[in-house]
Amino acid sequence: EAGVAQSPRYKIIEKRQSVAFWCNPISGHATLYWYQQILGQGPKLLIQFQNNGVVDDSQLPKDRFSAERLKGVDSTLKIQPAKLEDSAVYLCASSPEQGYAFFGQGTRLTVV
Amino acid sequence: GQNIDQPTEMTATEGAIVQINCTYQTSGFNGLFWYQQHAGEAPTFLSYNVLDGLEEKGRFSSFLSRSKGYSYLLLKELQMKDSASYLCAVRKVNDYKLSFGAGTTVTVRA
């Protein structure tokens with residue numbers, strides 16, 4: 001079974017620039033999560049999709065972050081403009097309705 | 001919201017046993033998960049409890065008490081490769097929102 005695919009693995013940008021991350025979940029998984037993990041901390045949920053609808057985005061900084069899940073499959077997370085404090089690993093995870101979440105390898109973002 | 005608390009760090013000797021506690025407060029509980037995360041890698045699933053009691057899986061066991069909002073992960077016969085961060089996560093019913101604690105860094109010493 002293929003896992004959760006994310007790209008890119010690493011990204012370095014200057015503050016105020018834009019960046020986008022891509023996630024392809026495991027086939028058939030209805031739920032997709034985007035987490036932000038700052039070094040030394042646990043993953044913080046940014047947004048959760050059920051199929052292509054948003055279930056929770058209460059912790060997404062909507063003035064600069066946006067996310068979409070096209071046709072209930074792939075998802076993109078965008079930051080525009082980036083700030084220094086956005087430096088983190090961005091993890092995508094997917095799960096079947098009653099199962100546990102599988103994580104992708106993450107994208108390590110450095111904002112300079 | 002969900003408050004999930006776990007110790008920041010623990011150190012143990014190779015071959016020993018370590019117990020990582022997790023307490024949580026949530027409305028609409030739908031399961032507690034433990035994940036292992038090695039430095040620079042993604043979290044990987046270890047165990048899942050939705051009913052009270054002990055779940056055993058090889059060297060790892062996880063316990064849940066829903067009335068106390070309490071879980072622990074027990075790591076037996078510690079090996080050097082068990083040095084990692086262990087994340088406690090709680091899922092809510094209906095929307096399946098999955099929230100994580102800050103993680104416990106376990107260091108195994110020879």
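Student: Which side chain does a polar contact of 2.8 Å join to that of B:D82?

Tutor: The model is predicted, with local features requiring pLDDT of at least 70 and side-chain atom pairs pLDDT 80 or more, while totals for chains, interfaces and linings use all residues. Residues are numbered from 1 along each chain as its sequence is written, chains are lettered from A and ligands numbered from 1 in the order in which they are written, and side-chain values use heavy atoms, without hydrogens and water. A polar contact is a pair of N or O atoms within 3.5 Å; within protein, one must be able to donate a hydrogen and the other to accept it, and residues adjacent in sequence count only if both atoms are side-chain atoms. The partner of B:D82 in this contact is B:R59.

Student: Is B:D82 buried or exposed?

Tutor: B:D82 is placed in the loop between β8 (70-75) and β9 (84-92) of chain B; strands are DSSP runs of E, at least two residues long, numbered from the N terminus. Beyond four places in sequence, B:D82 is in contact (heavy atoms within 4.5 Å) with residues including B:Q36, B:F60, B:L75 and B:V106. Buried means under 20% relative accessible area, exposed over 50% and partly exposed in between, with a 1.4 Å probe and protein chains only. Because its relative accessibility is 2%, B:D82 counts as buried.

Student: What distance separates the C-alpha atoms of B:A84 and B:A39?

Tutor: B:A84 lies in strand β9 of chain B and, with a relative accessible area of 7%, is buried. Among the residues that B:A84 touches, beyond four places in sequence, are B:Q37, B:H38 and B:T105. B:A84 and B:A39 stand 45 residues apart along the chain, yet their C-alpha atoms are separated by 6.7 Å.

Student: How much area do chain B and chain A bury between them?

Tutor: Chain B contributes 17 residues to the contact and chain A 22 residues. Buried area is the accessible area (1.4 Å probe) that two parts lose on being put together, summed over both. Carbon and sulfur atoms carry 51% of a total of about 1,600 Å².

Student: Which residue of chain B forms a salt bridge with A:D56?

Tutor: A:D56 is in strand β6 (residues 53-56) of chain A and is buried, its relative accessible area being 13%. Its side chain also makes a polar contact of 2.9 Å with the side chain of A:S58. A salt bridge requires a side-chain nitrogen of Lys or Arg within 4 Å of a carboxyl oxygen of Asp or Glu, and the rule finds one across the interface of chain B and chain A. With the closest N and O atoms 3.3 Å apart, the partner of A:D56 is B:K97.

Student: Which strand supplies the largest share of the side of chain B that touches chain A?

Tutor: On that side, β4 (29-37), β9 and β10 (98-100) of chain B each supply at least two residues. The largest share, four residues, comes from β4(B).

Student: How many residues are in the largest nonpolar core?

Tutor: A nonpolar core is a set of buried Ala, Val, Leu, Ile, Met, Phe, Trp, Tyr and Cys residues joined through side-chain atoms within 4.5 Å. A:F21, A:W34, A:L77, A:I79, A:Y90 and A:L109 touch the most other members of the largest core. Strands that each supply at least two residues of this core include β3 (19-24) and β11 (107-111) of chain A.
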